Amino acid sequence: MTDPRDEALTPKAIVAYLDRYIVGQDKAKRAVAIALRNRIRRRRLPEEMAREIAPKNILMVGPTGVGKTEIARRLSQLVHAPFIKVEATKFTEVGYVGRDVESMIRDLVERSVQMVKQRRIEEVREEAVSRAKERILDALIPPRKVQEKVSDFMHLFSGQPPKQEAVPTEEDERAERQRLSTRERLRQMLDDGKLEGREIEIEISESAQVGIPVMGAPGMEEMGINLGEMLSGIFPKKKKRKTVTVEVARKMLEAEEAEKLVDHDAAAQEALEKAQQDGIVFIDELDKVASAGSGHSGPDVSREGVQRDLLPIVEGCTVNTRYGPVRTDHILFIAAGAFHKMKPSDLVPELQGRLPLRVELNPLSEEDLARILVEPEHSLLDQYKALLSTEDVVLTFTDEAISEIASLAARMNRETEDIGARRLHTMMENLLEDIQFDASELSGQEANVDGPLVRQRLERLVADTDVRKYLL
Ligand SMILES: Nc1ncnc2c1ncn2[C@@H]1O[C@H](COP(=O)(O)OP(=O)(O)OP(=O)(O)O)[C@@H](O)[C@H]1O
Ligand SMILES: [Mg+2]
């Protein structure tokens with residue numbers, strides 16, 4: 001059941017992948033790599049053994065802006081398992097703006113269903129493409145039956161007896177041969193892309209969501225009931241005639257045919273299974289629902305409430321979704337938080353116990369910051385270079401400039417608040433403001449950023465304790 005592509009994900013391969021985007025934080029990378037690999041290992045065991053092996057949920061702790069969310073983001077792109085990321089804070093005001101905690105499992109299943117459907121649609125693609133093509137041809141030159149039915153229908157009004165269908169006349173046959181050969185010629189033109197702009201009329205079913213946007217009562221979602229979907233089940237799917245170009249029609253018809261070819265019940269079953277066996281939930285900002293001990297009231301009550309609601313889910317319970325019930329025992333939970341004011345020990349004890357694997361992420365040093373500027377794939381510097389290259393401006397940085405930026409960023413982090421790599425973003429914006437503003441007129445030129453330029457633009461700002469609070 002595990003995606004065969006994931007078999008290649010050894011711990012080393014996972015770490016190597018993360019290394020491409022994230023500087024340092026080796027312990028965290030190793031921990032998530034092991035946790036992911038153990039899921040693949042578990043799947044190779046006989047069922048009664050596999051049942052016993054619960055995932056080792058992880059708690060990533062580290063200051064702000066050092067790569068916690070980034071690790072999650074990259075993992076989600078790497079694994080082919082259903083993966084979702086939620087912020088714990090969004091559950092704090094349930095019934096008002098927040099959502100109930102179980103909704104994260106429903107979102108996971110939803111994600112899983114999307115993945116499975118996408119794969120299955122891919123599998124039937126060829127068939128869908130060919131069916132769509134026939135329908136386009138039908139629209140360009142309608143099949144004979146339709147023509148006859150229309151004329152029969154007209155006879156009812158004209159009062160004349162309908163044509164005898166049983167014996168096609170010679171003329172009929174000739175017309176039919178003619179029609180078929182025209183159809184083949186059109187098929188060729190279609191294949192050659194000569195009809196893309198031609199307008200045709202097609203009949204397409206309106207998708208359920210577009211038709212009836214219905215707001216459910218707050219509790220409805222909890223039970224996994226989707227009003228819009230229920231209603232669309234009651235009313236027959238509406239068909240709508242539309243006049244569109246061949247190009248647009250092809251997209252719509254291919255999507256509709258693929259939708260018809262996929263076995264939705266089987267897809268839902270597979271998706272449920274995948275979510276419960278391979279699903280990964282990343283709970284970000286967990287520290288924001290830790291509370292500062294008892295004796296407080298107000299927001300703390302709801303924060304602790306969120307933790308209490310999380311307990312059974314992390315422990316293993318059944319959540320109802322609109323595709324059916326899901327057990328959460330084998331879903332892997334990775335939680336993260338800065339735990340800046342709060343400590344992991346401020347979480348309710350049971351929840352601490354359910355996140356047994358602690359990994360700490362380190363604050364970023366000056367060297368780390370310098371590496372973050374250049375090393376990751378699509379690093380910050382690469383992004384600016386790429387943007388300016390669209391205007392034919394070559395942006396370059398000297399080594400001195402890079403170490404100067406890192407050193408000033410590290411100093412800002414030391415002297416004001418440590419916001420980790422995020423500091424680099426604000427500094428780069430300030431540094432490159434003029435170049436970005438002027439770039440459109442610099443076409444064909446090189447814009448070089450060197451040490452003196454960095455000092456000139458940033459040092460004064462960094463030194464000015466009043467101004468820097470606002471600008472950097
Ligand atoms: N170690 C790192 N290597 C490369 N880039 C990093 C690293 N740490 C942070 N960044 C970059 O800094 C930004 C913020 O990082 P991220 O969102 O991971 O912070 P965080 O640890 O989740 O912080 P918070 O606790 O505030 O949520 C991202 O753009 C990320 O790419
Ligand atoms: Mg984060």
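Helices (H or I, at least four residues) and strands (E, at least two) are DSSP runs, numbered from the N terminus.

I started with the buried residues of H4, which pack against H1, helix H2 (26-43), strand S1 (58-61), strand S2 (83-87), strand S5 (280-284) and strand S8 (332-337). Lys68, Ile71, Ala72, Arg74 and Leu75 are the buried ones in H4; buried asks for 20 or more other C-beta atoms within 10 Å of a residue's own.

A note on the source: this is a predicted model, where local features need pLDDT of at least 70, side-chain atom pairs count only at pLDDT 80 or more, and totals for chains, interfaces and linings use all residues. Residues are numbered from 1 along each chain as its sequence is written, while chains are lettered from A and ligands numbered from 1 in the order in which they are written.

Next I looked up ligand 1. I found 17 residues around it, the closest being Thr64, Gly67, Lys68, Thr69 and Ala421; a residue is near if its C-beta atom, placed from the backbone, lies within 6 Å. H4 (residues 68-78) gives the most to this shell, with 3 residues. Ligand 1 lies between domain 1 (4-114 + 272-360) and domain 3 (366-466), because both give residues to its shell; the domain bounds come from an automatic or database assignment.

Last, I checked confidence. The protein chain averages a pLDDT (the predictor's confidence in each residue, from 0 to 100) of 83. Helix H9 (residues 208-211) is lowest, at a mean of 38, and H1 (residues 11-19) highest, at 94.

Note on methods
A residue is buried if 20 or more other C-beta atoms lie within 10 Å of its own, exposed if 12 or fewer, and partly exposed in between; C-beta atoms are placed from the backbone. Two residues are in contact if their C-beta atoms, placed from the backbone, lie within 7 Å.
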